[in-house]
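The following questions and answers examine one protein structure step by step. Please consult the sequence and the structure as you read.

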Amino acid sequence: PSQYERRVEEISLLVNNIHHLLNAVRPSQARSTLEHALTEQAKQKRERLDDLREWTKKATEAMGNAPAGLKEAVEEALAASEERADAMVE
């Protein structure tokens, strides 16, 4: 019987020590988890920023080409309307 009580006390002490150690590790684990989450967020934001820069570059290039294309479209439309007007007169 005395051995039984002694073993129960030892096991109880071990469980309490393990519980204390786990509680001591929690702040470190939380810090590591937060650091990982923030690193991932920063990575995703950098990727989105790179995509945005690429899209902005493409849009700027498209806008730079737009006046020439617009001028051609207007000239074609004017020519077509003049042809229709000539065809109506005849």
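Q: In which helix does Leu52 lie?
A: The model considered here is predicted. The secondary structure of the protein comes to 1 helix and 0 strands. Leu52 lies in that element, helix H1.

Q: Is Leu52 buried, partly exposed or exposed?
A: Buried residues have under 20% relative accessible area, and exposed residues have over 50%. The relative accessibility of Leu52 is 47%, so Leu52 counts as partly exposed.

Q: Which residues make the nonpolar surface patch of about 330 Å²?
A: Leu52 is partly exposed. Leu52 is also one of the residues that make this patch. The patch is made by Leu49, Leu52 and Trp55.

Q: What percentage of the 90 residues in the protein is buried?
A: A residue counts as buried when its relative accessible area is under 20%. Ala68, in helix H1, has a relative accessible area of 46%, so Ala68 is partly exposed. Among the 90 residues of the protein, the buried share is 0%.

Q: How far apart are the C-alpha atoms of Ala68 and Ala87?
A: Ala68 has its place in helix H1, which comprises residues 2–89. Along the chain, Ala68 and Ala87 are 19 residues apart. Their C-alpha atoms are separated by 29 Å.

Definitions and conventions: Residues are numbered from 1 along each chain as its sequence is written. This is a predicted model: local features need pLDDT of at least 70, side-chain atom pairs count only at pLDDT 80 or more; totals for chains, interfaces and linings use all residues. Side-chain values use heavy atoms; hydrogens and water are left out. Helices (H or I, at least four residues) and strands (E, at least two) are DSSP runs, numbered from the N terminus. Buried means under 20% relative accessible area, exposed over 50%, partly exposed in between (1.4 Å probe, protein chains only). Patches are made of residues with over 30% relative accessible area and no salt bridge: like charges are joined within 9 Å, nonpolar side chains (Val, Leu, Ile, Met, Phe, Trp, Tyr) within 5 Å. Accessible areas come from the Shrake-Rupley method with a 1.4 Å probe; for residues, only the protein chains shown count as cover. A salt bridge is a side-chain nitrogen of Lys or Arg within 4 Å of a carboxyl oxygen of Asp or Glu.
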